[in-house]
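Please consult the sequence and the model while reading.

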Amino acid sequence: MADGITFQLEPGASVGVVGPNGAGKTSMFGIISGDIKPDTGTLSFAGHDLHRASVSARCRMGIGRTYQVPQPFEHMTVFENALLAAQQGAHVHGHDSYEMAYGSLERVGLADLANRPAGSLALLHRKRLELARALSTKPRILLLDEIAGGLTDAEVVELTTIIRGLQSDGIAILWIEHVVRALLSTVDRLLCLANGALVADGEPREVLASDAVRTVYLGGKIINEHGVA
Amino acid sequence: MSKVKSLQHRSTGSITVRRSRISPLITLSGAVVLVAFLSWAPWILPAATVSIFMNFFILVIMATMWNLLAGYAGMVSIGQQGFVGLGAYATLYFAIKGVNPFVAIPLAILACGAIALPVTFLVFRLRGGYFSVATWVIADSAMLIIGSIALLGGGTGHYLPGLTNLSPDQLNHYTYLATWVVALLVVVATYLLLRSRMGLVLASVRDNEVASRSAGAKVTSTRRMVYIIAAAGCGAAGAVLAISQPFIQPGNEFNLQWAAEMLFVSMIGGLGTIEGPILGSIIFFVLQQLLQNWGAWYLIIFGTVAVVVAIWQPRGIWGLLRDRFNFELLPVGYRVVAGKEVADEAA
């Protein structure tokens, strides 16, 4: 799953994660968010040991995440999805929680659909809602799990624009993505995992050009300046 | 602007959030008329009708609690009859100890809530069907334990003491009022709970527990709280059941039939809505009155209604009405109102 992975993330950093299927990327996210209990190792956030912290406690501390397959509350409206996150994750109440939830929806371009049932949304909007819900928890670090997967080129551009906007707010971003061009336009550091281990860590283009990464992830192909293999 | 305020708007500067589509004044007026009528019912309606109303209120209490548990928190219990029985027997115990049975109602409610707390640590280790079966096992175990206590009449039952000083009319009126007040409090408390932040958490847990946790919700403690509230509510139903049918036997009070009725009325009325169990209870009693002379057909028709609703209208009759007429009697959701819409309504 994930073994011997060690790295540190600074506030406001923007880090991409690549690797073949089964590399342990989502498992690593699960360990950070608390969905998966590690057998051993240490995990700390802002000086706090996360070993005993539950998923919800980690969220309230400032670790927000999205899932590879969007997980909307289907019978609730789009606004209520974001509102729950604002009230529980960010611990904001009353009118302030309304403002925070709506602000997140505006930020991801879902404000017009605020009263729609979340279950009726198409894939792009579900991904946006996933992002809006994570933002409503007022995260200090945001874990994005293949949020650009399955989207058209134009939709990927829209999404990366939103994510770059988050960086300017000082939110640290850890982003698993197979759409490499989306990562290259956004992150300033790249991790590559394979077989549960960290293979490379550094400047994105250097990482993608390294022999180890080309072997385990790109099958030896060279990445051009547009990030296309 | 006055109309905007009357619609329970919460202006937040850039947006407005509305909780109700109809004026609270209209809702309140309707509620006052209904409460006044139902409070006077024993003095203006025949005794047989009053008796039906009492049974109706008891079913509303049970179904509202079961709906809170299953329809909102996603915990499908088939053991809530255990708390109905414990509520009835707690009332009996306090009455034997000299407490007025009507005063024993809140004590029985507290007792059931207290018993439910340790039960959660056992049943919350299980999920889905295993959880359901475990609740049933606990209910049956409680029945066997209560049935072995001689003080409470053992397996043969015990008459509820403390009611003989009342005339039959007084007993009937007081019992009716107790049942009605408990039903009203249960529905109002459920409504307020679901309009609170906890209501949003419950709805999210029902939809997706994993996502709810990752959005910061304290899922386990919320579910525990709801389980305790539902147990206390079913205990209240048991307490008023004990007073309305004062010969108390384990087989009656812990009867699985209570669980079946809670499930039936919640399902046909509409799971996950406050109005659903109430409407379901009305349908149940209307069908019961219409079909009471039909023998076994009575149960077959009930079953057919349940199957038809489950297949073609899984959101229940209230769900159908709500979708068709875009109307909610007891709304708990949040609706964002855009600036233009607010302006239109205010005009």
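**Labels and their grounds**

In this predicted model, A:His91 lies in the loop between helix H3 (78-88) and helix H4 (94-108) of chain A.

Q: Why is A:Lys138 called buried?
A: The label requires 20 or more other C-beta atoms within 10 Å. A:Lys138 has 20 other C-beta atoms within 10 Å and therefore counts as buried. A:Lys138 sits in the loop between helix H5 (123-136) and strand E5 (141-145) of chain A, and its phi is positive, about 60°, although the residue is not a glycine.

Q: Which domains make up chain A, and what makes up the contact of domain 1 with domain 2?
A: Chain A is divided into domain 1 (1-62 + 139-229) and domain 2 (72-138). Nine residues from domain 1 of chain A and 13 residues from domain 2 of chain A form the contact. On the side of domain 1 that touches domain 2, helix H2 (55-61) and helix H6 (153-167) of chain A are the elements that give two or more residues. That side of domain 1 has six nonpolar, one polar and two charged residues. The centres of the two domains, taken over C-alpha atoms, are 23 Å apart.

Q: How do you know that the radius of gyration of chain B agrees with that of a compact globule?
A: For 347 residues, a compact globule would have a radius of gyration near 20 Å; chain B has 21 Å, which agrees. The C-alpha trace of chain B spans about 70 × 50 × 45 Å along its principal axes, and 44% of its 347 residues count as buried.

Q: What makes up the side of chain B that touches chain A?
A: In the contact, 25 residues of chain B meet 28 residues of chain A. Helix H8 (197-207), helix H9 (209-214) and strand E5 (335-337) of chain B are the elements that give two or more residues to this side of chain B. The largest share, six residues, comes from H8(B). By class, the residues on this side of chain B divide into 12 nonpolar, seven polar and six charged.

Terms used:
Residues numbered from 1 in each chain as written. Chains lettered and ligands numbered in written order. Predicted model: local features only at pLDDT ≥ 70, side-chain atom pairs only at ≥ 80, totals over all residues. Domains from an automatic or database assignment. Contact = placed C-beta atoms within 7 Å. Helix = DSSP H or I, 4+ residues; strand = E, 2+ residues; numbered from the N terminus. Nonpolar A, V, L, I, M, F, W, Y, C, P; charged D, E, K, R; others polar. Rg over C-alpha atoms; globule rule 2.2 N^0.38 Å. Buried ≥ 20, exposed ≤ 12 C-beta atoms within 10 Å, placed from the backbone.
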